[in-house]
Amino acid sequence: MKQHSSFGALLWYECRKTFFTPMMLVFLAVLLLANGWKIADSFRRADEFDDYDDVYSMFYDGYLGEITEEKITHLMTIYAPLEEKFKSQSLNTKPDPSAWTYSEATDYQFFHSLFYEPMKYAREYQNYAGSVASKAYELETLFRRNSNAFEMKKNYEIVESYQSRVLPEFAEIWSWELLLRYDYSSMILLFFTVFSLSGMFVTEKESDMMMLLRTTRKGTGATVRAKLLTAALYTVVACALFYGQDFLTVYLMSGRPQALSQPVYILPYFENTPLNCTLGAFFFRSALLRTFGIFLCGSLILLVSSLCSQSLSAFFASLVLLIGCVTLHDFGGQRVLIRMFNPVSLLFGRELVRKQEFVSVFGRAVPLEMAAIIGSGLVLAMLIGLIAYFSRGYHNRIRRRARHDRV
């Protein structure tokens, strides 16, 4: 019991020393304010028809829920004449008192983007999914005859995923498409992680605290474990704050959360996704995946910190390394090995599940997202092992130097 309490005290000391400082808390608050402003501004910019929210609410409430022939007929009564004029390039762009919005041209854009396209996509998706499942079934049968286990398994998974897909209901999706593509918070978190963790090991070298740690009974192993656990706690709390802020901002500004209970492929971006979870569940699992990615990046920073001898060099080396990872993702992100072992890939997890992709692992078809999680887990284990090795090695060098000085 005493041993656990001493480790708890060490953990609390590391948390307090690293994060619970006035400068760190103020910096975190500033970054949260910047992120909140950014996503709110992005939402306002994406809301093209904010001036006609009353009109939108009236039609949205009428069309919300099950897509029926009656609703489609009502929509086409308004939209079809506008579409004909659009095709003949005769839409009136001047103010029109009889228009639902500003003019016939804005009426066309209003109904086309907010109602017609989402309903059309939902109505046609079942047939599309059925055709994909049917084609995959034919290929599965063919590869089964040819004893091609990889292709057979891949097409079997596609059949299982697509065969029962349907989108029977209409709901607002544009606000959730904004959240799906919002990456500003992840970039802030990467920078904050560099700022927070780059000095975790190196500051003790600069202040000669290592000389004191070598005299304690658990100076090496327990200290490293406390620092790693502190970094993990930091990651969970920081990610919960930023990703929670993203979700709540869109949720509150939209006020129309009905799409969250719909399948994730209600978003056209996920037309070919292997996932069958709800959109709300996707955002939750996406936050978990990003949190894992941030912790992986943090472990990379801790390794740099354990190798450097000065705080400034650790900070800039970590920053350059993460910029390199982001650049590698941007310019080589379609290569399987990069997507599997680059920690930044997890921060853009939507790309891993945008379409049905598989990786051959010992001849077995493994979904790309699962392969990336496994690959990242291996990288994390390697990083933690290297951190422990170099930290212990530094302690051992101090001990050898101390023995030499006594002699």
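This note goes through the cavity, the pocket, a helix, a hairpin, the cysteines and one isoleucine of a predicted model.

1. Basis. Because the model is predicted, local features need pLDDT of at least 70 and side-chain atom pairs count only at pLDDT 80 or more, while totals for chains, interfaces and linings use all residues. Residues are numbered from 1 along each chain as its sequence is written, and side-chain values use heavy atoms, with hydrogens and water left out.

2. Largest pocket. A pocket here is an open set of points on a 1 Å grid over the protein atoms alone, with protein on both sides within 12 Å along at least five of seven lines; a cavity is a set of points where a 1.4 Å probe fits but cannot get out; lining residues have an atom within 4 Å of a point. Grid points are joined across faces, edges and corners, and a volume is the space filled by probe spheres set on the points. The largest pocket holds about 380 Å³ of space. Its lining has 21 residues, and those closest to its centre are Tyr243, Phe283, Phe284, Ser286 and Ala287. Helix H7 (174-180), helix H11 (221-254) and H12 each give two or more residues to this lining; helices (H or I, at least four residues) and strands (E, at least two) are DSSP runs, numbered from the N terminus.

3. Pocket composition. H12 provides the largest share of the pocket lining, nine residues. By class, the lining of the largest pocket has 13 nonpolar, five polar and three charged residues. Ala, Val, Leu, Ile, Met, Phe, Trp, Tyr, Cys and Pro count as nonpolar, Asp, Glu, Lys and Arg as charged, and the others, Gly among them, as polar.

4. Cavity. There is one cavity of 30 Å³ or more in the structure, and about 60 Å³ of space lies in the largest cavity. The largest cavity is lined by Pro118, Tyr121, Ala122, Glu169, Phe170, Ala171, Ile173 and Ile266. Seven residues of the cavity lining are nonpolar, none is polar and one is charged.

5. Helix H12. Residues 279-307 form helix H12, which has 29 residues and reaches 42 Å from first C-alpha to last, close to the expected 42 Å; the expected span is 1.5 Å times one less than the number of residues. Of the 29 residues of H12, 21 are buried (under 20% relative accessible area; exposed is over 50%, partly exposed in between; 1.4 Å probe, protein chains only).

6. Strands S3 (residues 358-361) and S4 (residues 364-367) run antiparallel and are joined by four bridges, where pairing needs at least two DSSP bridges. Valine 359 stands opposite valine 366 in S4. Two residues lie between the strands, and phenylalanine 362 takes a positive phi near 55 degrees.

7. Cysteines. The disulfide count is zero, a disulfide being a pair of cysteine sulfur atoms within 2.5 Å. The sulfur of cysteine 297 has its closest cysteine sulfur in cysteine 325, 6.4 Å away, which is too far for a bond. Cysteine 297 is buried at 0% relative accessibility, and cysteine 325 is buried with a relative accessible area of 12%.

8. Isoleucine 78. This residue is found in helix H4 (residues 69-87) and is buried, with a relative accessible area of 16%. The C-alpha atoms of isoleucine 78 and tryptophan 12 are separated by 64 Å, the two residues being 66 residues apart along the chain.
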